[in-house]
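The following text walks through a few local features of a protein model. Please keep the sequence and coordinates at hand while reading.

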Amino acid sequence: MTSSNHRQSEYNVDPIFLDRWSPRAFDGSTMPKEDLLTILDAAHWAPSAFNYQPWRFIYALKGTPEFDKLLDILIEFNQGWAKNAAALVFIFSDTLSRPADGSEPKSYRSHSFDAGAAWGLLSVQAIKSGYFAHAMTGFDFDRAVSELGAPDGFHINAAVAIGKLGDKEALPEGLRSKETPNGRKPLAEVAFEGRF
């Protein structure tokens, strides 16, 4: 068992998995572009079927017009706290495998699975870099696709706010009590030997 961040695993996992959580309270500071690119570099080393690497990241740093554009695509509730993040990232994935020989593209069934692996590495690298990441699906999916120029065949998976941990008292009162690392279902509820 591992204990860290007021959490306890059933088995001896690395503490970074317990230290990773998704806060909403960010401190409003900016981040150097190099820090964000380091986080995205780690994400793009995720495994993918046939090494296709279907993920694409559209990012913006706080204090830029691009950040305001990405923030505006979020639903109002998420805008309320994500405005204090240092960066926003939208994660897309290519739903088609596009052979280099120019032959007909084919459906790429694991595009979201692979993009999820990239998100997982992004969240862990954020912790290693002194930041936290909070993924969300509370945004206008159609606007994200059109306003961010997604090519045909690309699927929008999630948006991610990244920043330094802030004071939970800055959040609306209803969110303050939720601003703590949460637990997980027992492993026996999600892992089965041989079949469900």
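In this predicted model, the side chain of aspartate 94 reaches the backbone nitrogen of leucine 96 at 3.1 Å. Aspartate 94 belongs to strand 4, which covers residues 87-94. Its relative accessible area is 1%, so aspartate 94 counts as buried, the cut-off for that class being under 20%. Leaving aside residues up to four places away in sequence, aspartate 94 touches Tyr52, Pro54, Tyr108, His111, Gly153 and Phe154.

Next comes a pair of helices. The axes of helix 2 (residues 33-43) and helix 5 (residues 111-128) come within 7 Å and cross at roughly 140°. Angles over 145 degrees would count as roughly antiparallel; helix 2 and helix 5 are therefore classed as oblique to each other. Their crossing is right-handed. Helix 2 contributes Thr38, Ile39, Leu40, Ala42 and Ala43 to the contact, and helix 5 contributes Ala118, Leu121, Leu122, Gln125 and Ala126. Sorted by class, the contact between helix 2 and helix 5 consists of eight nonpolar and two polar residues, with no charged ones.

Backbone angles in the loops are the last topic. Histidine 6 is not a glycine, yet has a positive phi of about 60°. Histidine 6 sits in the loop between strand 1 (3-4) and strand 2 (7-8). With a relative accessible area of 83%, histidine 6 is exposed, since that class begins over 50%. Phenylalanine 50, also not a glycine, has a positive phi of about 55°. The loop that holds phenylalanine 50 runs between helix 2 and strand 3 (55-61). Phenylalanine 50 is exposed, at 83% relative accessibility.

Conventions:
Residues are numbered from 1 along each chain as its sequence is written. This is a predicted model: local features need pLDDT of at least 70, side-chain atom pairs count only at pLDDT 80 or more; totals for chains, interfaces and linings use all residues. Side-chain values use heavy atoms; hydrogens and water are left out. Axes are lines fitted to C-alpha atoms, for helices over the stretch in contact, and angles run from 0 to 180 degrees between N-to-C directions. Helices (H or I, at least four residues) and strands (E, at least two) are DSSP runs, numbered from the N terminus. Angles under 35 degrees count as roughly parallel, over 145 as roughly antiparallel, 65 to 115 as roughly perpendicular and the rest as oblique. A crossing is left-handed if the near helix is turned anticlockwise from the far one by less than a right angle, and right-handed if clockwise. Contact means heavy atoms within 4.5 Å. Ala, Val, Leu, Ile, Met, Phe, Trp, Tyr, Cys and Pro count as nonpolar, Asp, Glu, Lys and Arg as charged, and the others, Gly among them, as polar. Buried means under 20% relative accessible area, exposed over 50%, partly exposed in between (1.4 Å probe, protein chains only). A polar contact is a pair of N or O atoms within 3.5 Å; within protein, one must be able to donate a hydrogen and the other to accept it, and residues adjacent in sequence count only if both atoms are side-chain atoms.
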